[in-house]
Amino acid sequence: MGGRAEEEGSVSLELLRLKMAEFAEERNWDRFHSPRNLLLALVREVGELSEIFQWKGEVGKGLPEWAAEEKEHLGEELSDVLLYLVRLSDMCGVDLSKAALRKIQLNALKYPANRSNPSS
């Protein structure tokens, strides 16, 4: 399923959803992918992601002091979180792209820029 968009790093949530569904189907994992089980797996992955930062203190944007291996490991754990979130939303019948865009709009109403920006 490789394509130009994937090679350039531009991958849609829909493509990830399709790939995760295909991956699970090929392994007959749908029977295990209940919303509850996926949520628990997602929480576990967030815990693993948290472990990476646990003793780092504050870190700068881009993680300039981190080794390449640390950044690679971080990417793997971030990916695990994203993929479980995409799979969970799919199994719950939620269009994650639309839900995220709607949430951004709701947040813009709740936190208007003119009242949130201390320099204005």
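This is a predicted model: local features need pLDDT of at least 70, side-chain atom pairs count only at pLDDT 80 or more; totals for chains, interfaces and linings use all residues.

Reader: At what angle do the axes of helix 2 and helix 4 cross?

Author: Helices here are DSSP runs of H or I with at least four residues, numbered from the N terminus, and axes are lines fitted to C-alpha atoms over the stretch in contact, with angles from 0 to 180 degrees between N-to-C directions. The axes of helix 2 (residues 13-26) and helix 4 (residues 68-91) come within 9 Å, and they cross at roughly 85°.

Reader: How many residues of the contact of helix 2 with helix 4 are nonpolar?

Author: Taking contact as heavy atoms within 4.5 Å, helix 2 contributes L13, L16, R17, M20, A21 and A24, and helix 4 contributes L82, L83, V86, R87 and D90. With Ala, Val, Leu, Ile, Met, Phe, Trp, Tyr, Cys and Pro counted as nonpolar, Asp, Glu, Lys and Arg as charged, and the others, Gly among them, as polar, the contact holds three charged residues, no polar ones and, as nonpolar residues, eight.

Reader: Is R17 buried, partly exposed or exposed?

Author: R17 lies in helix 2, and, leaving aside neighbours within four places in sequence, R17 is in contact with V86 and D90. Buried means under 20% relative accessible area and exposed over 50%, with partly exposed in between (1.4 Å probe, protein chains only). The relative accessible area of R17 is 25%, so R17 is partly exposed.

Reader: What is the relative accessibility of E45, and does E45 count as buried or exposed?

Author: E45 is found in helix 3 (residues 35-53), and its contacts, leaving aside neighbours within four places in sequence, are E77, D80, V81 and Y84. E45 counts as buried because its relative accessibility is 6%.

Reader: How far apart are the end C-alpha atoms of helix 5?

Author: The expected span of a helix is 1.5 Å times one less than its number of residues, so the 15 residues of helix 5 (residues 96-110) should span 21 Å. In agreement with this, the end C-alpha atoms of helix 5 are apart by 20 Å.

Definitions and conventions
Residues are numbered from 1 along each chain as its sequence is written. Side-chain values use heavy atoms; hydrogens and water are left out. Helices (H or I, at least four residues) and strands (E, at least two) are DSSP runs, numbered from the N terminus.
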